[in-house]
Structure formats: structure tokens, C-alpha cells
Amino acid sequence: MTTSVVDLRSDTVTRPSAAMRAAMAAAEVGDDVLGDDPTVKRLQERCAELLGHEAALFVPSGTMANQIALKVHCDPGDDVLASEGAHLMWYESGAAAAIAGVQLRSIGRGGSGTFSSDEVVAAHIAAGPMQPATRLLCVENTHNRAGGVVWPRAELDAVVATARRLGVALHLDGARLFNAAAALGESPGSLAAGFDTVSLAFSKGLGAPVGSVLAGSRARIARAVRFRRMFGGAMRQAGILAAAALYALDHNVARLGDDHAHARLLAERLRGAPGLTVEAPPSNIVMVDLAAPLPPAREIAKRLEARGVLCLPFGERRLRLVTHLDVDAAGCARAAAEITAALR
């Protein structure tokens with residue numbers, strides 16, 4: 001067993017640096033439920049400004065941020081549109097149905113992670129006595145399951161304009177929005193423009209141990225505060241966690257391009273290996289397809305674990321490799337060599 005491990009399972013596996021831990025230890029705190037935590041306030045105000053909204057709310061997870069958004073926008077029985085393979089559908093334990101009581105429907109093209117304005121029009125349901133009205137359209141940028149896909153700006157703008165014309169509210173699942181911004185060379189606020197609510201995660205590429213925000217209008221965030229409490233997400237001296245997020249915003253945003261470069265390096269090293277098809281990574285997620293007669297993805301992942309490389313099987317014949325701040329170029333080169341060796 002190799003002593004050093006290259007962990008490519010997700011960008012959620014990062015560990016806070018010594019400097020981030022120091023910032024957490026030094027954080028000024030108060031009771032956030034009573035509105036007394038100055039570090040949480042500072043984080044919320046900064047994120048609202050970054051995302052171009054009036055207010056923001058710190059929550060424990062991106063899943064909670066998304067589920068609060070559903071409650072803010074919808075009534076039970078409402079119809080919600082989201083991209084095929086959306087995090088809302090695949091990775092939130094059925095919470096949309098169990099908690100918000102909404103009907104989720106997927107739109108999009110063959111797992112691309114995006115959809116067109118024409119597809120929004122075709123899927124939209126107007127209010128009526130026999131049908132659930134489409135109240136909310138959800139966009140995920142970057143799109144996790146599609147392989148870190150970044151929405152093309154023109155397509156994003158067209159979808160936002162169409163939803164506005166139809167009178168449908170818009171939520172942006174921006175867990176990796178900073179990755180999308182880095183890939184396009186734009187600001188997160190410009191990509192969030194036109195959305196009624198936006199979620200943003202600190203525990204992925206930004207490297208904080210926990211936490212997300214939900215941004216929106218003051219009225220919507222006031223509603224969100226109640227739902228956060230209802231969901232058990234209200235925290236007391238949460239400034240310790242908010243300090244990690246603030247540190248991440250100060251120190252870990254500009255370096256996201258490094259993760260994208262490392263993902264490209266990994267893909268390039270794997271291209272041409274017998275039986276592998278490797279998609280060009282648009283951000284920090286590399287999808288690797290395994291052709292027969294290679295073993296299934298789960299078996300390859302087990303072999304790689306024995307070689308000191310961790311990754312996740314994505315179905316029967318696909319591996320997902322995610323770069324992050326704890327994996328450098330040398331680690332990616334080593335991972336590529338071990339993957340190639342594990343195929344033999």
C-alpha cells in the first residue's frame with residue numbers, strides 16, 4: 001500500500017490549512033440565532049455583495065440552502081424544473097418531495113447539464129385546476145453529475161430571460177459557482193444576475209470545512225431564516241465556521257484556476273490509454289469512461305485504492321476524478337500513471 005494518498009473522490013475532502021484553523025480560533029463570535037455573531041454577519045454581507053443580492057444567510061450545507069430555496073419559492077404541489085442529473089434530484093435524499101412537497105421534473109439534453117430556453121417553454125406548465133403550476137426553474141452551475149459543466153453565458157442569459165417572461169422564479173445552485181466564474185473569466189455576481197436566489201458552497205473548491213450561503217432579496221432571506229430554524233440549521237457561535245469561509249474567500253478563490261489546470265493535466269495523461277475515453281474537463285471534474293473488456297468502475301476503484309489513489313465509481317463504467325487544493329500537479333501525474341497501471 002502506498003503511504004501517500006492522492007484523494008480525487010471529491011473537492012469536499014480538503015482539510016483546513018493551519019492558517020485557516022488559526023483564523024477559526026481567532027474568530028469573534030456571538031449567538032447567531034439572536035443575531036449577535038459579528039463574523040457570521042460579515043460573511044453574509046460579503047456574500048450578498050459578491051452575488052449581487054440584498055441579503056444572504058449562512059447555513060450548514062448546500063443541500064440545506066437548496067431545500068430552503070424550494071420552501072421560499074414554492075407551495076406543496078408546485079412544479080419545479082431542473083436539469084437532468086441535478087443535485088436537487090440525485091443527492092438530496094428526496095428532500096424536495098419530503099420537505100417542500102414539490103414535484104421535480106428534469107429537462108435537458110442527454111446528461112449535458114444544461115438546457116435551452118425552448119426546452120423551458122416546452123416543459124412549462126401554466127396554472128390550472130388539474131395541473132401543478134411551474135413555479136421555479138433551477139440551474140446548476142457548474143453541473144456536478146455532468147462533469148463540472150460550465151453553462152455558456154449566452155445560453156444562461158437566454159434561459160433566465162425565458163423564465164422571466166413566463167413568470168417563473170429562478171434559483172441558482174451555485175455550489176461551485178466560483179469554478180464557473182474562473183472558467184469563464186467572469187465574476188460570480190455576473191453569473192448570478194437575474195436569479196431570485198443563489199446558493200454557494202464553501203466546503204468544495206474553496207476548501208472550508210463546512211458551510212454554504214443562500215442569497216436573495218431581504219424579504220426572501222427573512223423567510224429563509226425561519227426555514228433554516230425549521231430544518232434544524234440555526235447555529236449559535238457559528239462565527240468559528242464563518243471565519244473559515246471568509247478565509248477561503250480571501251485566499252482560495254484566485255487559485256481555482258490551478259485546479260482546472262490540474263484536471264486538464266490529468267485528462268491529458270490518461271488520453272490514449274487502452275480502453276479509456278476521457279472527456280475534456282471544463283472545470284475541476286474529470287470523467288473517465290471504461291470500455292469493455294476492462295473491469296467495471298467499482299473494481300478499478302478498488303485497485304486504485306490499493307495503489308494509493310482514491311476516486312469514485314460513477315455507474316458501472318465511469319470514474320469521476322475531482323481536483324482540489326490538496327492535490328498538486330505531481331499528484332495528478334502520479335494518479336494518471338496508477339490508473340493506467342491498474343487497467344492491466
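**Exercise 1. Decide whether aspartate 259 is buried or exposed, and list its contacts.**

Start with the setting: this is a predicted model. Aspartate 259 has a relative accessibility of 0%. The limit for buried is under 20%. Aspartate 259 therefore counts as buried.

Aspartate 259 belongs to helix H12, residues 256–270.

Then look for contacts, leaving aside neighbours within four places in sequence. Aspartate 259 touches Gly205, Asn284, Thr323, His324 and Leu325.

**Exercise 2. Work out which strands stand at the edges of the seven-stranded open sheet, and what packs on the sheet.**

Write down the strand order: E2-E8-E7-E6-E5-E3-E4. The pairing is mixed. Strand E2 (55–59) and E4 each have a single partner strand, so they stand at the edges, and one side of each lacks a neighbour in the sheet. On average, neighbouring strands here are turned by 20° against each other, direction ignored.

E2 and strand E8 (residues 212–216) run antiparallel and are joined by five bridges. Phenylalanine 58 has valine 213 in E8 as its bridge partner.

Finally, find the helix. H7 packs on the sheet and touches E5 and strand E6 (169–174). The directions of H7 and E5 make an angle of about 170°.

**Exercise 3. Classify the ring pair of phenylalanine 115 and tryptophan 151, and say which parts it ties together.**

The model has four aromatic pairs. In the pair of phenylalanine 115 and tryptophan 151, the ring centres are 4.9 Å apart and the planes stand at 80°, so the pair is edge-to-face. The cut-off for that class is over 60 degrees.

Locate both residues. Phenylalanine 115 is in the loop between strand E4 (103–107) and helix H6 (117–123). Tryptophan 151 is in the loop between strand E5 (134–140) and helix H7 (153–166). The pair therefore ties together parts 36 residues apart in sequence.

Check burial. Phenylalanine 115 is buried at 0% relative accessible area. Tryptophan 151 is buried, with a value of 0%.

Terms used:
Residues are numbered from 1 along each chain as its sequence is written. This is a predicted model: local features need pLDDT of at least 70, side-chain atom pairs count only at pLDDT 80 or more; totals for chains, interfaces and linings use all residues. Side-chain values use heavy atoms; hydrogens and water are left out. Rings of Phe, Tyr and Trp (its six-membered ring) pair if their centres lie within 6.5 Å; planes under 30 degrees apart count as stacked, over 60 as edge-to-face and the rest as tilted. Helices (H or I, at least four residues) and strands (E, at least two) are DSSP runs, numbered from the N terminus. Buried means under 20% relative accessible area, exposed over 50%, partly exposed in between (1.4 Å probe, protein chains only). Contact means heavy atoms within 4.5 Å. Two strands pair if DSSP finds at least two bridges between them. Axes are lines fitted to C-alpha atoms, for helices over the stretch in contact, and angles run from 0 to 180 degrees between N-to-C directions.
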